[in-house]
Amino acid sequence: MLKRMTVHRTPELEHSLTRRVWRIPKAGSLTRLSLVEDSLPAPAAGEVQVDIHAVGVNFADVFACLGLYSATPQGSFVPGLECAGRIRRLGAGVSGFREGDRVIVLTRFGGYASHINVDARTLWPVPQGWSLEEAAAYPVQALTAWYGLVPLGAAKAGSVALVQ
C-alpha cells in the first residue's frame with residue numbers, strides 16, 4: 001500500500017535557483033575541475049545573493065585546487081576567493097545595499113559560480129569607473145599586500161617600502 005506524502009515547501013525552497021559552479025571533487029589536480037549545476041537557496045538573514053559577472057583567479061585558488069594551500073577544504077569544493085557582480089536578492093536584516101548594486105565579494109571559497117550567497121559584511125561597492133573584471137581581481141591582492149606591510153612588516157606612517 002502506498003501512502004500519500006505531503007511536502008511542505010519552505011520559503012528557501014520556493015526561492016532557490018539553479019546555478020552553475022566549477023566544482024572539484026577533491027584537491028590534487030586542476031584537471032578535476034568540472035562545470036556542474038546545483039541549487040542555491042534564497043539568502044539567509046544577513047546574506048546577499050550575488051549574480052557573479054567576473055572572478056579573480058589567483059595563486060591561492062590554484063594552490064587550493066592542487067591541495068597545496070593550508071586552508072583547502074576537505075572533499076568537494078568550489079574554488080574562488082574573490083569575485084564581483086550585481087546584487088540579486090537581499091536576505092532579512094541587510095541594509096546599506098540594494099538589488100542591482102555592483103559589488104566586490106571576498107569569500108572563503110565558492111566564487112567560481114554563476115551566483116553565490118555571502119555574508120553582507122564581505123561586500124564592498126565597486127568603485128566608480130571600475131569594470132567588474134577589475135573589481136574581481138582586487139581584494140585578494142590588496143589584502144595580501146596589506147597583510148605583508150602592516151601585520152607582518154609593522155609598517156606605520158612614514159615607513160619606507162620597496163615595491164617590486
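The model is predicted: local features need pLDDT of at least 70, side-chain atom pairs count only at pLDDT 80 or more, and totals for chains, interfaces and linings use all residues. Residues are numbered from 1 along each chain as its sequence is written, and side-chain values use heavy atoms, with hydrogens and water left out. The protein chain contains four helices and seven strands, where helices (H or I, at least four residues) and strands (E, at least two) are DSSP runs numbered from the N terminus.

**Overall architecture**

- Along the sequence, the elements of the protein chain follow the pattern α-β-β-β-α-β-β-β-β-α-α.
- Taken along the principal axes, a box of roughly 80 × 40 × 25 Å is filled by the C-alpha atoms of the protein chain.
- Of the 164 residues in the protein chain, 34% are buried; buried means under 20% relative accessible area, exposed over 50%, and partly exposed in between (1.4 Å probe, protein chains only).
- Among contacts between residues at least 6 apart in sequence, 67% join residues at least 24 apart, a contact being heavy atoms within 4.5 Å.

**Surface and charge**

- The protein chain exposes about 10500 Å², of which carbon and sulfur atoms supply 57%; accessible areas come from the Shrake-Rupley method with a 1.4 Å probe, and for residues only the protein chains shown count as cover.

**Nonpolar cores**

- A nonpolar core is a set of buried Ala, Val, Leu, Ile, Met, Phe, Trp, Tyr and Cys residues joined through side-chain atoms within 4.5 Å.
- The largest nonpolar core has 17 residues, and Val48, Val50, Val103, Val105 and Leu123 touch the most other members.
- Two or more residues of this core come from each of β3 (47-55), β4 (82-90), β5 (102-106) and β6 (115-119), and β3 gives the largest share, three residues.
- A second, separate core of eight residues includes Ile24, Ala60, Phe77 and Val140.
- In soluble globular proteins, nonpolar side chains tend to be buried together.
- Beyond its neighbours within four places in sequence, valine 48 contacts residues including Pro43, Ile87, Leu90, Ile116, Val118 and Leu123.

**Cysteines**

- The structure holds zero disulfides, a disulfide being a pair of cysteine sulfur atoms within 2.5 Å.
- Cysteine 65 is in no disulfide, and the nearest cysteine sulfur, that of cysteine 83, is 15 Å away.
- Seen from cysteine 83, the closest cysteine sulfur is that of cysteine 65, and the 15 Å between them is too far for a bond.
- Cysteine 65 is buried, with a relative accessible area of 2%, and cysteine 83 is buried at 0%.

**Positive phi angles**

- Most residues other than glycine have a negative phi.
- Phenylalanine 109, which is not a glycine, has a positive phi of about 75°; this residue lies in the loop between β5 and β6 and is buried, with a relative accessible area of 8%.
- Alanine 154 also has a positive phi, near 55°; alanine 154 is in the segment after α4 (139-152) and is partly exposed at 44% relative accessible area.

**Selected positions and their surroundings**

- Glutamate 47 belongs to strand β3 and is partly exposed, with a relative accessible area of 23%.
- The C-alpha atoms of glutamate 47 and glycine 91 are separated by 5.0 Å, although the two residues are 44 apart along the chain.
- Leaving aside neighbours within four places in sequence, the contacts of glutamate 47 include Leu90, Gly91, Val94 and Asp119.
- Arginine 108 is in the loop between β5 and β6 and counts as exposed at 59% relative accessibility.
- Not counting residues up to four places away in sequence, arginine 108 touches Ala71 and Leu81.
- From C-alpha to C-alpha, arginine 108 is 19 Å from valine 126, and the two are 18 residues apart in sequence.
- Alanine 137, in the loop between α3 (132-136) and α4, is partly exposed with a relative accessible area of 42%.
- Alanine 137 and alanine 84 are 53 residues apart in sequence, and their C-alpha atoms are 8.5 Å apart.
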